[in-house]
Amino acid sequence: MKSKVAGYVFIISSLYYIIAEVISATFFNASFFNTYIFHTISQLGIPNGNSPLFWLMNSAFILIGLAVIFGNICGFKDFIVKNRAVFYILTLVTGLGVIIVGLIHGGNPLTSGYHTLGAVMAILGGNVLLIVVSKSMAEFDMFQKIVFTLGAVGLIAFWIMFFIIGNLYMPVFERLSVYTLIIWSFITGLFLVKS
């Protein structure tokens, strides 16, 4: 029963995130296409005239962070047979990182360092978490292979983003490195509900 509850939490939070970002991007002070290509996800959460629905985007960050912590510790942990300490540590690092991103906005010189720290915790921690998860379950079947691939893609996208911070297309790689965690949340939710 705990696994199914955790599964529904994962599914709902991941769908909420995607919907919240689409709505926030729709009302952002740029065209929908330009918002996704040229503006970072963090910009959608800055409370200013560019993003009137900043609170919606930030609520999505916070919900995903809480879902990762709750879902992993209350349900998904039962499927982790190796590396449990690393799994718990990365779960907390990732979840708290996403929550920090939602609570502390970028764009403010006084707090942007904390926001950046939260983003690194969420993105780097989250994609390493996926690699660890894929290698810590009893078998390495289709679910684990998908999770491993997501983690690898996310890490590659993160490092590309890191080295092209000032590039016009950096937000594309930011999204690629973040969406791996969102996709993982959704498929993990399905995995737990079916188990």
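The backbone oxygen of Phe10 sits 3.0 Å from a polar side-chain atom of Ser14, a polar contact here being a pair of N or O atoms within 3.5 Å, where within protein one must be able to donate a hydrogen and the other to accept it, and residues adjacent in sequence count only if both atoms are side-chain atoms. Keep in mind that this is a predicted model, where local features need pLDDT of at least 70 and side-chain atom pairs count only at pLDDT 80 or more, while totals for chains, interfaces and linings use all residues. Residues are numbered from 1 along each chain as its sequence is written, and side-chain values use heavy atoms, with hydrogens and water left out.

Ser14 belongs to helix 1; helices are DSSP runs (H or I, at least four residues), numbered from the N terminus. With a relative accessible area of 2%, Ser14 is buried (under 20%; exposed is over 50% and partly exposed in between, with a 1.4 Å probe and protein chains only). Setting aside neighbours within four places in sequence, Ser14 touches Ile64, Ile182, Ser185 and Phe186, contact meaning heavy atoms within 4.5 Å.

Now zoom out to the whole of helix 1.

Take the helix 8 partner. Helix 1 (residues 2–26) and helix 8 (residues 170–194) pack at about 145°, axes 7 Å apart; the axes are lines fitted to C-alpha atoms over the stretch in contact, and angles run from 0 to 180 degrees between N-to-C directions. Among the residues making this contact are Ser14 and Ile18 of helix 1, and Ile182 and Phe186 of helix 8. By class, the contact has 15 nonpolar, six polar and three charged residues.

Helix 5 (residues 84–103) gets the same length check: its 20 residues should span 28 Å, and the end C-alpha atoms are 28 Å apart, which agrees. Buried residues of helix 5, among them Phe87, Leu90 and Val98, pack against helix 4 (54–74), helix 6 (112–136) and helix 8.

One last stop is Asn83, in the loop between helix 4 and helix 5. Asn83 has a positive phi, near 55°. Most residues other than glycine have a negative phi. At 42% relative accessibility, Asn83 counts as partly exposed.

Conventions. Helices (H or I, at least four residues) and strands (E, at least two) are DSSP runs, numbered from the N terminus. Ala, Val, Leu, Ile, Met, Phe, Trp, Tyr, Cys and Pro count as nonpolar, Asp, Glu, Lys and Arg as charged, and the others, Gly among them, as polar. The expected span of a helix is 1.5 Å times one less than its number of residues.
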